[in-house]
Amino acid sequence: MITQAIPTAARLSRRARPARTGRWADARRQRRRWAALIAVAGLTQLPAATTTADSPEVGADAVRIIQIDVERSNGPLNRAYRHSVGSDRAIIHLRPEHQRDLRFVKDKCGFEYMRFHGLLNEEMGLVKVGPRGEVSYDWTNLDRVYDLLQELSIRPIVELGFMPEPLASGEQTIFWWKGNVTEPKSYEQWGDFIEQLVRHLTERYGADEVREWYFEVWNEPNLDGFWPAGEEAYFKLYQYAVRAIKRVDPGYRVGGPATAGGGWISNTLKFCEQNDVPIDFIATHVYGATEGFLDEQGKGGTMLDPNPDGFAAWFSSVLEPIRRSNRPELPLLVTEWGPSYSLRDPVHDSYFCAAYILQRLRRLPPEVKAMSYWAFSDQFEEAGPVPSPFHGGFGLLNAQGLPKPAFFAYRFLNELGDAELTCDDPNVWACRDKRGVQVLFWDYHHPEQDSPNAAFFARDWPAEPAAPARVIVNNLSPGEKTVSVTHVGYRHNDVYTAYLDLGAPAGLPNAPSRLPEEVLTKLRAACTGEPEVSTVVVSPGQPVTLDLPMNQNDVYFITIE
C-alpha cells in the first residue's frame, strides 16, 4: 500500500507551473507544497511510466518513474566534469574579489584544475630586456598566481600564451587586455624562455607536483584572431615548446592543439608521429552555439545548435582520429566548453543553463578525461571591464559572486557520492557514499528558438509543465532518515529572473557591474540553494518515495542521509 495519497499527474502539473506574473513568495509556497509530498511507501505494484525525460510531450496522467536501488552499483563515479574550470586571465587572480569567488567555487564545486589565458602576457612582466638587449626573466607575478592555486589545492592547466612582447615578431593583439598573438621572432629564444619558465616552476613546486600538471601550447590557433601564422607555424611553436619542457623532465605532460571546435587534431597527431614529437594529451574546445567560434564583442547573433544531441556527433568526429592514430590511448581534454562561446550571451544567466550542462555532461564518452567549463566567474574582461550586473557573461557566478543556476549544476555534481548506482533513466545521476544516497535528476527540453540568444534568453521565460517525477529509493537500511530536496528552475534558485523582477536595475554609477547592497540582499535571497528538509522513518523492506512536480528544464538534487 501507499502510506500517503499521491496527487494525480494533472494536479501535480498545475502545482508545478509557476504563475507567469508571480513573485518569489509564490515559489516559496510551492516548495512547501511539494515538501509535504515526501512519503515512506511500500509498493506492491508501480504505475507504468508512460514518458521519459527525453520525451517532454506528456499526457495528463503521465508520471516519470525514477527507480533507485542502493544495492545495485555501476562502480566508481566518473568525475570528468569536476576535472577543471576556466577563468579570465592570469593577472586577474591577484584581485581580492576574484580570489574570494575562486575560494567559494572551489569549496562548493570541487574543481581540481584551472585554466586561463594570458600567463605570458606583457602585463605579467615575465620577460625583461636590458639596455644592451639582454633578456632576463622575472617570475614574481607568476609565483603569486600559482601560489594562490597551490593554497586552494587547484592545479594548473598551464596555457602557454600569449607571446611576451620582447619575444614577439609583430604587434597584432587580441582582447581588451592585448594578448600578443604573433610568432616569436626567434623560435630558439621562445624555446629557452619556456625551458627557463618550467625549470623555475620545478624549483618552486617540485617535480613530483609539476608532473601532475598539464602544459597546453597556445589557445585556439586555428582561428586567425588567436594565431594568424597558420597551422605549420603552430606545429613549429608546439615542437619548440614541448622539447623545452621535456628537457626539464620527460614526465611532464604536454599537449595541444587547443583548437576551437576539434580542428587540426588529425594533422597534429600526424605531425607528432612523423617528426617524433612528444604529445601526452589532445586538447580542444566545444560550444553549443552556432554562427562561428569567436565573438569577442558579443555581437555575433549566436543561437543554440538546434540538434539537442549535437555533442554526440562532435565527440565521435574528434575521437575517431585519436583512435586510429599510433597513440589511441591519448586522453582527450576539452579545456573549454559551454552553451555559447559569446561572453555576452544571456543563455549563461538563464535557468535553462543548469539542465543544459547536466544533459551534456551525462553523455560524455569515457575517453574524455576533462570537460572544463568556461568560466567560473563573470569577472572576465576580454571585451573590457564588466559592463553590468547581468550581461550574459560566461561565469557560474556573476561579478559580485551571486550564484547562477549553472553554478548549482556543478555544486550538485560535486556533492554526489563516489559509487554510482544503477538507474534506467538517462537524465539521472544516483550515487551513494558513507553519508547516504544522492539523486540528481532533471528535465531537458530543447528550446524552439525564434530569435538569437541575445533576445530569446534575456527575457522573462516562464517554464511549461513537464511530467511529474516519482523517485523511489529501495533497500535503504531501516531507521530515521533526513531527506533534503533542492530545486533549480524557473523562479527556483533563478537569480536572473529575480533580477528581471526587480526591473533589471543598473549597477552603481562608478561601478556599473556592482549593485547596491539593498538589491544584492534581495538577489541573494533568491539563490541561496537551501534545501527543503524532512525526516522519515524507514521500516524494513520499505522504499522512500518522493513525488515532485516538474517544469521543463527543472533540476532536483535529493539527499537521503
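**A pocket, a sheet and an exposed proline**

Helix H3 (96-109) and helix H11 each contribute at least two residues to the lining of the largest pocket; helices here are DSSP runs of H or I with at least four residues, strands are runs of E with at least two, and both are numbered from the N terminus. The structure is a predicted model, in which local features need pLDDT of at least 70 and side-chain atom pairs count only at pLDDT 80 or more, while totals for chains, interfaces and linings use all residues. Residues are numbered from 1 along each chain as its sequence is written, and side-chain values use heavy atoms, with hydrogens and water left out.

The largest pocket has a volume of about 370 Å³. A pocket is an open set of points on a 1 Å grid over the protein atoms alone, where a 1.4 Å probe fits, with protein on both sides within 12 Å along at least five of seven lines; lining residues have an atom within 4 Å of a point. Grid points are joined across faces, edges and corners, and the volume is the space filled by probe spheres set on the points. Of the 20 lining residues, Phe 104, Lys 108, Phe 407, Arg 411 and Thr 528 are the closest to the centre of the pocket. H3 gives the most to this lining, with five residues.

Seven strands form an open sheet with antiparallel pairing, in the order S3-S16-S17-S18-S23-S20-S21; two strands pair if DSSP finds at least two bridges between them. At the edges are strand S3 (73-76) and strand S21 (532-538), each pairing on one side only. Strand S20 (residues 479-488) is joined to S21 by seven bridges, and Glu 480 stands opposite Val 537 in S21. Helix H11 (residues 405-414) packs on the sheet, touching S17, S18, S20 and S23, and its direction makes about 150 degrees with that of S20. For such angles, axes are lines fitted to C-alpha atoms, for helices over the stretch in contact, and angles run from 0 to 180 degrees between N-to-C directions.

Pro 385 lies in the loop between strand S15 (368-373) and H11. Pro 385 counts as exposed because its relative accessibility is 52%, where exposed means over 50%, buried under 20% and partly exposed in between (1.4 Å probe, protein chains only). Leaving aside neighbours within four places in sequence, Pro 385 is in contact (heavy atoms within 4.5 Å) with Trp 176 and Arg 344.
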